[in-house]
Amino acid sequence: MKSITLKEKHRHKLPMGILSMALLPDGVGLVAGCMDGVYLTSIDKSREPKLLYSHGNYVSSVVSLGGDTIVSAGYDGTARWFDLAEQKLTDSVKLHDFWSWDMTASPDGKHLASVTGQYLAGGYKYEPQEESEPSIRVVDVASKQIVHSLPHVPSVQSVAISPDNQFVAAGNLMGEVRIYRIADGELVSQWTTSDFTSWGIIKSHCYLGGIFAMQFSRDGKHLLLAGMGPMRDPMAGNGKQLWQKWDWQAAEPKMIDQTHEGDAGEGLMETLAVHPSGEMFAMGGRLRGGDWNVALFDMQTGDRMAILKLGFRATEATFTPDGKHLVIVGTQGQPSKPKPKGDGFPDFGRVEVFAIESEAT
Amino acid sequence: MKHTHKTCGSPEHLLHRRLFLQGTMAASAASVASFNGLFSVPALADETKRRGKKCILLWLCGAPSQFETWDPKPGTPFSGPFGAIPTNLPGVQISSLMPKCAGIMDKLAVIRSMSTEPGEHFQGIDVLTRGDKPRQPFVRPILGSVVAEQLGHLDSPVPQFILLDPCPEGNEFKGFKAGNWAGWLGAQYGPVRAGGEYSIPNLNKLDTISDIDHQDREALRSFFSKKYENDRRSQAAGSLNAAFDRVKGLMSCAPLFDLNSLPEADRQRYGAGAFAQHALQARHLIENGSTFVMVANGMPWDNHVFQHEMHQMLVPELDNVLYQLVTDLEDRGMLEDTLVIAMGEFGRSPWLNAARGRDHYPKAWSLAMAGGGIRGGVVHGATDPLGHEVAEDAVDNRQLFATIFAALGIDPHEEYDLPDLPTFSRVEDGVAPIEQLLV
């Protein structure tokens, strides 16, 4: 096993909280989906942050399609195409009536998948109401047409596309995972884990939690899920920092590993990233109790390899294409007051870059 | 006006109020009449459904966000992800999560300038349900107890103060529920609790015991209990007798507590969740003779984390419930006499914390009322552009309670003399009601 050290290389701030990001093909440029729009910056601070455009609401996801094209999705329910060379919006597609909680692009850049849904009371014990619109939209990038509208149980908060571009997975607040084949929209796998969701027995009667991030392993055989373990008090956010690894192709999908005992503190985990080598993955989120809020894990053994205790909520992590750096974006708590001279609020979006240094032990 | 009471808020009252809360007092009691039979006697029906002011309190425990309800700040960094929409009051916007209330704003009174002191739940609940901070050694009665005592009929078989709350737990609210609600007014003005697991069990008379046997047993129990109470001058026995009387009433009106007996169309209209169903039940109870119904659902609004996930569900439910209640009461000619209040114990912080929740904020928050002597179409007070401070017409708990009492026709300034205790007022220091809000 390798011993990993994460060494800080760069850190800087953006004006507003960052909910998502994508690295540009040059491996240095970074687009950030923020509460007030999409920013262009860089991981090494070589570019002054610039607000490119807004969605009229929070930007929940942004992806690079290669070249100069990026696409973002937001709480306005739209996906927006932006040309970095031309510095202009080129298209906007209405995907959902409610928010896009998460959007991703297939590795070949041919499809986008976005998930939505509003959790509304459907029963006396706050069983979720049926969806009022399809929870999953799959978009053909070339034509910008919605090619599949797929059902789930709202709210659906995370989505991933398999490395072979064939399958889209989506996870919801209730801990239900559905995997569809993109070619024909057929449901190929479905299961529910109660491990990410709490039924409120203390402060409220409702469901809380859910699967907040998901990623396929590089070989496509496994699906990683992230979120937070059940809480007795759902408002406290004090569930276990939790990932699970599922064999989704088994006749009966089977959980084959999860956060190891003693490796986790408390906090909601919102992002997963798989290293280009496929040998490890990062999980990050908000620290509630414990000694880390971003950690690296060995994909094979599930052992924890390195930890970071950042002073902010990590909303998205990714590895640089060469696998040498881990890039993390997130947000501190919103400043309570504007700057004294009336020049807006103190910056509270965060970008941090860590070099991955390893040696065999 | 002076008001003298014999009760003192002793631990005995606490004990018996707990029995009420737990519904256990119903376990061994006997039935005297069916609800339908009771109301087949017109005179009794009239008496029980005495025309007078009534109140439904939608208790939003945990403290809802004013930004996601009545005081959105669109276009500011603090606006959050939910937008704002216009209402039928020109120039007034509320959260986009409340489209139904936006259509009846002319019937609602919204206070956007609540400013209170307690920033922790227990103390906030205490002040916003009793109207003032504790003043030892007496326990100030909760709003529902005062309304039941002032406007209700103690002899009514229908409980005059009902708490509908299905949550057995609830952190600070659980602790508060275990306390003394009726204060010095005494056990007879405490709430009867129902909802969820609090279904008031064992209300049906056993088939093996005849009506005559029941009446004989109850007469015997009543005789000995009264004798004991008189001989020993026991307030505990007196309270217990009051409890038995309440049980008899409860048994007679048990169908009122059966959610399944409510029309399916109404149940659909109000929505599926426990809070919505109990709001409908509250309307039904008020229609049938209760005076004060408090609808709670644990403490769901305390969204330090998962603010988006919770408010996407809670606010639309509140929006629909308030809309249905107000329009129902109006359609039935009851809105004029029935005050509906929707509030929690404080508000939420303008800024989102690192977990993108909002924290406690008593300094500047909102609530809504309708009917029952309150003027509709009024937005009282305002906060500054970011919602940090009250900018106009700050309202504290005393002004709020003076207004509520005045709207219900209860003297806000009545004084009470309790044995060996200083005189106090229903609302202290002669604080005046907010005239703008009164019809």
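User: Helices (H or I, at least four residues) and strands (E, at least two) are DSSP runs, numbered from the N terminus. With that in hand, where is A:Tyr126 found?

Analyst: A:Tyr126 is in the loop between strand S11 (111-115) and strand S12 (136-140) of chain A. A word on the ground rules: this is a predicted model, where local features need pLDDT of at least 70 and side-chain atom pairs count only at pLDDT 80 or more, while totals for chains, interfaces and linings use all residues. Residues are numbered from 1 along each chain as its sequence is written, chains are lettered from A and ligands numbered from 1 in the order in which they are written, and side-chain values use heavy atoms, with hydrogens and water left out.

User: Thanks! Is A:Tyr126 buried or exposed?

Analyst: Buried, with a relative accessible area of 0%. Buried means under 20% relative accessible area, exposed means over 50%, and partly exposed is in between (1.4 Å probe, protein chains only). A:Tyr126 also has a positive phi of about 60°, although it is not a glycine. As background, most residues other than glycine have a negative phi, and most peptide bonds are trans.

User: And what is the phi of B:Asp393?

Analyst: Positive, about 55°, and B:Asp393 is not a glycine either. B:Asp393 lies in the loop between strand S15 (390-392) and H13 of chain B. At 45% relative accessibility, that residue counts as partly exposed.

User: Which peptide bond is cis?

Analyst: One that is runs from A:Pro154 to A:Ser155, with omega near 0°. You'll find A:Ser155 in the loop between strand S13 (145-150) and strand S14 (156-161) of chain A.

User: Switching to rings: how many aromatic pairs are there over all chains?

Analyst: The count is 28. Rings of Phe, Tyr and Trp (its six-membered ring) pair if their centres lie within 6.5 Å; planes under 30 degrees apart count as stacked, over 60 as edge-to-face and the rest as tilted. A:Tyr75 and A:Trp99 are stacked because their ring centres are 4.0 Å apart and their planes are at 5°.

User: Where do A:Tyr75 and A:Trp99 sit in the chain?

Analyst: A:Tyr75 is in the loop between strand S7 (69-74) and strand S8 (78-83), and A:Trp99 is in the loop between strand S9 (88-94) and strand S10 (102-105), so 24 residues separate them and the pair links distant parts of chain A. A:Tyr75 is buried at 11% relative accessible area, and A:Trp99 is buried too, at 4%.

User: Which residues do ring pairs link into a cluster?

Analyst: A:Tyr58, A:Tyr75, A:Phe98, A:Trp99, A:Trp101 and B:Phe82.

User: Nice, both chains take part. On to the big picture: how many helices and strands are in chain B?

Analyst: Chain B has 13 helices and 17 strands. Of its 439 residues, 63% are buried. Helix H6 (residues 143-151) of chain B is mostly covered, with 8 of its 9 residues buried; B:Glu149 is one of them.

User: Which residues touch the most other members in the largest nonpolar core?

Analyst: A:Leu30, A:Val168, B:Leu58, B:Trp70 and B:Phe306, out of 103 residues in that core. A nonpolar core is a set of buried Ala, Val, Leu, Ile, Met, Phe, Trp, Tyr and Cys residues joined through side-chain atoms within 4.5 Å. Helix H12 (residues 307-331) of chain B gives the most to this core, with 10 residues. In soluble globular proteins, nonpolar side chains tend to be buried together.

User: How do H5 and H13 of chain B cross?

Analyst: Helix H5 (residues 121-130) and helix H13 (residues 397-408) have axes that come within 9 Å and cross at roughly 35°. Those axes are lines fitted to C-alpha atoms, for helices over the stretch in contact, and angles run from 0 to 180 degrees between N-to-C directions. Contact means heavy atoms within 4.5 Å. Here B:Val127, B:Leu128, B:Thr129 and B:Arg130 of H5(B) meet B:Asn397, B:Leu400 and B:Phe401 of H13(B).

User: And where is B:Gly409 found?

Analyst: In the loop between H13 and strand S16 (415-417) of chain B. B:Gly409 is exposed, with a relative accessible area of 63%. B:Gly373 is 36 residues from B:Gly409 in sequence and 8.2 Å away in space, C-alpha to C-alpha.
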